[in-house]
Amino acid sequence: MELVTLDRYEPGGRLGTGADYEVRTAVDRETGKEVVLKRPVPQMIRLNQHGGAESRTQQLLQAHQALEPSVPGIVPILGYTDPANHDAFFGDSLGHEYRVTVEERAKGFPLLGDHMARITGVPIGVGQNLFALHPLGQPAGQPAFPVHQVILDVEEAFLKAGFLLLDLRPQNIFYQPGSGSATVIDCSALVPVNQDQSQEPAGRRRRTTPADINDFCLEMMKFYTTPMSPPEEAAGYREP
């Protein structure tokens, strides 16, 4: 992870927009590899309301510096810019400074499409329909439930670095059916261990008690478990 300038990259198209960030493709002119550029949502920048996203970006960079090298399941951050006005690079006129991060482009596709998937024509449940959560076959060298294992390993890595990682919903997990491997593409929902969230800015405050590992376990139960056992035969997957 290094400090970079955007003139190193050839800009591409927009991949998507979340609640806080916009993601675009680009090509690294030095390596020829495709990367993704992540910045706060342009409308927030235009209104100068992107301070929360900037704080989360800074915390994410700090967390990645504290992580052990090459943690499997986490998209590496290759570089980041100083806060600056990047209107010329992106071809807009937002008029405010912000930081851009550069990440490897994750392989595979999301387990669940985002809210725009129906409009863009992306099958929103394709990953889960390919038995990512309850695979009928097991790729060589992978555990029985590779998606669950990757999420647990990523959470453990961040805990060792002093952070709790939340918002691990299926939209943030990319899956490769051929290898059975998974990658967490958004690690911005970080909470320093034992931080009292009542001290957060009013716009982001959601609770008065500190988040802990039980919040992560609740997400795992909500997104990746079912009250029914997975079918043992292929025919069982035809039932709703």
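Visitor: To how many salt bridges does the count come in this model?
Guide: The model is predicted, so local features need pLDDT of at least 70 and side-chain atom pairs count only at pLDDT 80 or more, while totals for chains, interfaces and linings use all residues. Residues are numbered from 1 along each chain as its sequence is written, and side-chain values use heavy atoms, with hydrogens and water left out. A salt bridge requires a side-chain nitrogen of Lys or Arg within 4 Å of a carboxyl oxygen of Asp or Glu. By this rule the count comes to 11 salt bridges.

Visitor: Which residue meets arginine 105 in a salt bridge?
Guide: Side chains of opposite charge can pair when their charged atoms come close. Here the N to O distance is 2.7 Å, and the partner of arginine 105 is glutamate 34.

Visitor: How many residues apart are arginine 105 and glutamate 34?
Guide: Helices (H or I, at least four residues) and strands (E, at least two) are DSSP runs, numbered from the N terminus. Arginine 105 lies in the loop between strand S6 (101–104) and strand S7 (109–110), whereas glutamate 34 belongs to strand S4 (residues 34–40). The pair thus links distant parts of the chain, 71 residues apart.

Visitor: Is lysine 38 buried or exposed?
Guide: Buried means under 20% relative accessible area, exposed over 50%, and partly exposed in between (1.4 Å probe, protein chains only). Because its relative accessibility is 10%, lysine 38 counts as buried.

Visitor: Which strand holds glutamate 103, the salt-bridge partner of lysine 38?
Guide: The side chains of lysine 38 and glutamate 103 meet at 3.7 Å, N to O. Glutamate 103 has a relative accessible area of 6% and is therefore buried. Lysine 38 lies in strand S4, so the pair ties together parts that are 65 residues apart in sequence; the strand of glutamate 103 is S6.

Visitor: What relative accessibility does arginine 39 have?
Guide: Arginine 39 forms a salt bridge with aspartate 92 (2.9 Å, N to O). Aspartate 92 lies in the loop between helix H3 (87–90) and S6, and arginine 39 in strand S4, so the pair ties together parts 53 residues apart in sequence. Arginine 39 counts as buried because its relative accessibility is 1%.

Visitor: Which residue makes a polar contact of 3.1 Å with the side chain of arginine 8?
Guide: Arginine 8 lies in the loop between strand S1 (2–3) and strand S2 (9–17), and is buried because its relative accessible area is 16%. Salt bridges that share partners join Glu2, Arg8, Asp28 and Glu30 into one network. A polar contact is a pair of N or O atoms within 3.5 Å; within protein, one must be able to donate a hydrogen and the other to accept it, and residues adjacent in sequence count only if both atoms are side-chain atoms. The side chain in the 3.1 Å contact with arginine 8 is that of glutamate 2.

Visitor: How far apart in space are phenylalanine 109 and glycine 127, C-alpha to C-alpha?
Guide: Phenylalanine 109 lies in strand S7 and, at 23% relative accessibility, counts as partly exposed. Phenylalanine 109 and glycine 127 are 18 residues apart in sequence, and their C-alpha to C-alpha distance is 7.2 Å.

Visitor: To how many disulfides does the count come?
Guide: A disulfide is a pair of cysteine sulfur atoms within 2.5 Å. Cysteine 187 is buried, with a relative accessible area of 7%, whereas cysteine 217 is partly exposed, at 37%. By the distance rule the count comes to 0 disulfides.
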